[in-house]
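Dear colleague,

Please find below the structure for your review. My notes on the overall fold and on the ligand site follow it.

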Amino acid sequence: MRLSELFTKTTKTVPADETSKNAKLLIQAGFVHKEMAGVYAYLPLGLRVVENIKRIIREEMNALGSQEIIMTSLQRKELWEKTGRWDDAAVDVWFKSELKNGTAVGFGWSHEEPITNMMSNYISSYRDLPTSVYQFQTKLRNEVRAKSGIMRGREFVMKDLYAYSRNAEELQDFYDGVTEAYLKVFRRVGIGDSTYLTFASGGAFTQFSHEFQTVTEAGEDTIYIDEDKRIAVNQEVLNDDVLKQLGLQRDRLKEVKAAEVGNIFNFGSAKAEQLGVYFTDEDGSEKPLFLSSYGIGVTRLMGVVVELFADERGLVWPQSIAPAQVIIDRLGESRATIVAADELYAKLVEQGIETLYDDRDVRPGEKFADADLMGIPLRIVVSDKTVEAGKYEVKKRTATDVKMQSLDDILKDLVATE
Ligand code: ATP
Ligand code: MG
């Protein structure tokens with residue numbers, strides 16, 4: 001992508017009502033557009049980050065044998081009434097509307113009920129189990145507060161996976177598998193060191209649900225982490241009994257702010273019973289399905305990455321999700337420099353390396369500032385000086401020193417850190 005052709009521009013101004021660091025930086029760098037509080041559009045560079053995060057999650061969900069689908073945003077009231085979750089007193093984030101004929105509809109804030117109802121068309125026997133489906137969906141939630149930028153949207157992208165099992169043991173096996181897969185996802189997107197498996201409330205069948213909480217001051221939750229055991233307890237369930245049960249000592253726990261990037265639930269057979277969803281087991285008896293659900297906040301995760309790594313110069317993307325691996329800053333408009341930069345760009349693209357090419361006729365300082373603000377992991381300068389030296393001037397986003405390198409060396413480094 002040539003920056004001269006990219007329609008977005010970096011800017012110093014942000015909407016007056018924007019208070020979060022993540023959204024401010026993403027708006028300044030041209031990654032997102034703020035439509036209204038809690039509602040953001042994703043522009044080319046921002047969309048690349050979202051897609052990179054989705055690709056990593058998709059690989060890990062496919063590895064679990066799960067199958068990708070997309071459910072509908074419009075949902076039926078009757079289904080949610082069966083589980084008591086249509087009521088605004090039970091679920092306080094519903095957006096609801098009605099059809100012209102007066103039929104009530106809800107906008108999908110979650111999908112357990114409709115997905116389970118849909119899956120019941122395909123699951124009749126124990127032979128159909130275990131099975132699971134997942135989707136990337138834009139959820140709509142009428143959140144009261146939307147002050148955390150893309151970390152709390154009224155519209156946001158979630159990956160949600162729903163698994164159907166024959167019994168409690170089979171469910172637990174899958175649950176453990178997803179737990180591992182989630183930890184892998186968070187490692188791959190670069191937040192593994194700061195992310196804790198956290199015991200939280202909300203288990204319908206089990207006492208706890210498990211959250212994946214990333215330690216950051218921008219988070220809205222308070223958790224208590226055990227840095228050695230690498231687990232945490234959400235404030236909402238912290239008490240002496242729970243600590244004892246988990247084998248944790250209060251004085252070894254550290255209180256921190258954190259953001260919930262994922263949450264997994266074991267519903268046991270309760271939800272299938274409410275929805276009337278049964279299968280025929282090997283002995284011919286009718287049994288309710290065992291249901292578990294698994295969410296990751298894709299766009300929240302992106303916001304968390306911004307909060308964790310951004311510095312005074314702007315965004316800093318881990319290589320695995322960066323919108324591009326390399327930015328070429330062409331300095332000067334001499335014939336030789338233009339040819340050299342064009343050639344380098346063509347070679348990197350040929351190698352399959354996502355590259356931004358700053359071919360604009362603007363001051364070097366502006367190019368450097370933009371490359372930093374956009375957070376591209378590697379900056380390569382091509383100028384009269386580098387052409388003369390027969391090498392490129394290379395700088396990592398997080399480094400302060402520059403190196404003179406040949407293309408071969410640059411390529412070797414890029415592959416090694418991939
Ligand atoms: P929270 O407690 O932060 O409101 P939740 O427990 O209601 O979240 P879940 O229903 O468990 O959220 O949704 C699964 C995941 O979706 C969460 O772990 C979180 O990462 C993400 N998520 C939830 N609400 C939002 C939101 N308003 N904006 C962005 N991501 C969200
Ligand atoms: Mg949750």
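**Overall dimensions**

The chain has a radius of gyration of 24 Å, which agrees with the value near 22 Å that a compact globule of 418 residues would have; the radius is taken over C-alpha atoms, and the globule rule is 2.2 Å times the number of residues to the power 0.38. This is a predicted model, in which local features need pLDDT of at least 70 and side-chain atom pairs count only at pLDDT 80 or more, while totals for chains, interfaces and linings use all residues. Residues are numbered from 1 along each chain as its sequence is written, and side-chain values use heavy atoms, with hydrogens and water left out. Along its principal axes the C-alpha trace spans about 80 × 60 × 45 Å.

**Ligand site**

Ligand 1 is surrounded by 13 residues (a heavy atom within 4 Å); the closest are Arg141, Glu143, Arg152, Gly153 and Glu260. By class, five of the shell residues are charged, four polar and four nonpolar (Asp, Glu, Lys and Arg count as charged; Ala, Val, Leu, Ile, Met, Phe, Trp, Tyr, Cys and Pro as nonpolar; the others, Gly among them, as polar).

The side chain of glutamate 260 places an N or O atom 2.6 Å from a ligand oxygen, and for a polar side-chain atom of arginine 152 the distance is 2.9 Å. A polar backbone atom of valine 261 lies 3.3 Å from an oxygen of the ligand.

Yours sincerely

Key
Chains are lettered from A and ligands numbered from 1 in the order in which they are written. A polar contact is a pair of N or O atoms within 3.5 Å; within protein, one must be able to donate a hydrogen and the other to accept it, and residues adjacent in sequence count only if both atoms are side-chain atoms.
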